[in-house]
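Please open the structure in your viewer and keep the selection tool at hand.

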Amino acid sequence: MTRQRTSTAAELRHLTTLLEQVAGGDKRAFTALHALTCRKLRRTAGSVCPASCDVEDVLQESYLKIWRAASSFDAGRASPISWMCTIVRNTALDSHRAKKVLLADLDEAMAVPVPADDADEFDYEFAKQITVEALSGLPEDRRRLLSLAYFEGMSRHSLAEQFGVPVGTVKTWLRRALESIRADCLAAAKGSLTLSAVN
């Protein structure tokens, strides 16, 4: 029994040392830390992630957070493995919430009424033209944000990390960008209808 406790204590000291080295930017220490903990953290992610989550994506993002936050680890407050498992659990939960938000956005888009059968044929070329013009009116960072969120499927949490802002700010930016595009598209469409009526 004593040997078992000594071994565990030695492992914890080793993981603590590795985290301290990772905090200093030591990539070899990070590789060693990953090798020693990936099985445990994968099981943790699998126990938290619903079927819709990709465990490997959660792990990848978790290790990125561990790399960035290693300097904040406090051995006096938690063991290295507990600290890392907490990061994995939170990342898995954030990933699940982000997917739910994305699905809610898609559900809202799908709720747009379908035109009646006798409506005029939709002019896709015109719609594309006014959408491109509306997008070009946005700042470059907002266009990039929309592309990452809606074409590449990045979660709000990942976007917040990439842009260095809180998740709430990302949501606000996305909402305002979409509102701006919608307003520009409606204005362009109304202008086109007015010109058609005059002609």
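The model contains 4 aromatic pairs, where rings of Phe, Tyr and Trp (its six-membered ring) pair if their centres lie within 6.5 Å, with planes under 30 degrees apart counted as stacked, over 60 as edge-to-face and the rest as tilted. This is a predicted model, in which local features need pLDDT of at least 70, side-chain atom pairs count only at pLDDT 80 or more, and totals for chains, interfaces and linings use all residues. Residues are numbered from 1 along each chain as its sequence is written, and side-chain values use heavy atoms, with hydrogens and water left out.

Select Phe163 and Trp173, an edge-to-face pair with 6.3 Å centre to centre and 80° between the planes. The pair links distant parts of the chain, 10 residues apart: Phe163 lies in helix 7 (residues 156-163) and Trp173 in helix 8 (residues 167-198). Helices are DSSP runs of H or I, at least four residues, numbered from the N terminus.

Is Trp173 buried or exposed? Trp173 is buried, because its relative accessible area is 19% (buried means under 20%, exposed over 50%, partly exposed in between, with a 1.4 Å probe and protein chains only). Phe163, at 24%, counts as partly exposed.

Now select Phe30, Tyr63 and Trp67, which ring pairs link into a cluster.

Finally, select Tyr150, located in helix 6 (residues 140-151). Tyr150 is partly exposed, with a relative accessible area of 31%.

Technical notes
Helix = DSSP H or I, 4+ residues; strand = E, 2+ residues; numbered from the N terminus.
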